[in-house]
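Let's take a friendly walk through a protein structure.

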Amino acid sequence: MSGFDNLNSGFYQTSYSIDEQSQPSYDYGGSGGPYSKQYPGYDYSQQGRFVPPDMMQPQQTYTGQIYQPTQAYPPATTPQPIYGDSFEEEPPLLEELGINFDHIWQKTLTVLHPLRAADGSIMNETDLAGPVVFCLAFGATLLLAGKIQFGYVYGISAIGCLGMFCLLNLMSMTGVSFGCVASVLGYCLLPMILLSSFAVVFSLQGMVGILLTATIIGWCSFSASKIFISALAMDGQQLLVAYPCALLYGVFALISVF
């Protein structure tokens, strides 16, 4: 054992002495040294925290109660319904669907009376209830004459409305919606129903039929152009609008005659 002790003492022998080394010490506790700057208002008694007070965020005092946190944002207001909650205060179904029989009757009278002044505020509405009924009536009268042409009626109507929509938007300053164009052209189809009704009783391929067909075409185109210039404020352009309308209604007249 003495040899082992001598071996260990000889192995760890060194000339190094810790007392002889003068290493600079850094005092982080505030007792002195090159890094002993004191910050006012900072508690240096807390060990392990070396963050300066100017880098720390101030803590906010909690003012609420337990399980009752403070409300950061105001509660959203519940939108009030336009109509009452009761069934009696609800609007009529036709009003919700946008069907106004008074306006339908006014537009029908405007078409039946070509010399009557058109109300632009009423004519500028998108009302498709009357045009759909008139298209169905036109197809029904053709069916009574032995002509099943429902597909042609709706196809030509769609193409004609699209063409008039593009043309009127180029000619007018205010522009027009596709629903308004379809509504006006559909209402002005009413005289064409009279022509198809005459075709049920007698043939329209004679001289009387040609004159009657030309009169109906002029009636429809004149009524449509009158409504368009009244709704779109296109004064002095009625003949320019009536020409493409006459071409459209001429196709419907050919279906009725032949």
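How many salt bridges does a search of the whole structure find? The answer is one. Before looking at that pair, keep in mind that this is a predicted model.

The salt bridge joins the side chains of Lys107 and Asp127, at 3.9 Å from N to O. Lys107 belongs to helix α3, while Asp127 sits in the loop between α4 (120–123) and α5 (129–144), so the pair ties together parts that are 20 residues apart in sequence.

Next, let's see how helices pack. Two packed helices are described by the angle between their axes and the distance between the axes. Here are two pairs to find in your viewer:

| Helix pair | Angle between axes | Distance between axes |
|---|---|---|
| α3 (residues 101–112) and α9 (residues 207–232) | roughly 125° | within 9 Å |
| α6 (residues 150–171) and α10 (residues 238–257) | about 175° | 11 Å |

Take α3 and α9, whose axes cross at roughly 125°. On the α3 side, Thr110, Val111 and Leu112 take part, and they meet Trp219, Ser223, Lys226 and Ile227 of α9. Sorted by class, this contact has four nonpolar, two polar and one charged residues.

Now turn to α6 and α10, which pack at about 175°. An angle over 145 degrees counts as roughly antiparallel, which means that α6 is roughly antiparallel to α10. Residues of α6 in this contact include Tyr152, Ile156, Gly160 and Met164, and those of α10 include Leu240, Pro244, Cys245 and Phe252. By class, the contact has 15 nonpolar, two polar and no charged residues.

Methods. Residues are numbered from 1 along each chain as its sequence is written. This is a predicted model: local features need pLDDT of at least 70, side-chain atom pairs count only at pLDDT 80 or more; totals for chains, interfaces and linings use all residues. Side-chain values use heavy atoms; hydrogens and water are left out. Axes are lines fitted to C-alpha atoms, for helices over the stretch in contact, and angles run from 0 to 180 degrees between N-to-C directions. Helices (H or I, at least four residues) and strands (E, at least two) are DSSP runs, numbered from the N terminus. Contact means heavy atoms within 4.5 Å. Ala, Val, Leu, Ile, Met, Phe, Trp, Tyr, Cys and Pro count as nonpolar, Asp, Glu, Lys and Arg as charged, and the others, Gly among them, as polar. Angles under 35 degrees count as roughly parallel, over 145 as roughly antiparallel, 65 to 115 as roughly perpendicular and the rest as oblique. A salt bridge is a side-chain nitrogen of Lys or Arg within 4 Å of a carboxyl oxygen of Asp or Glu.
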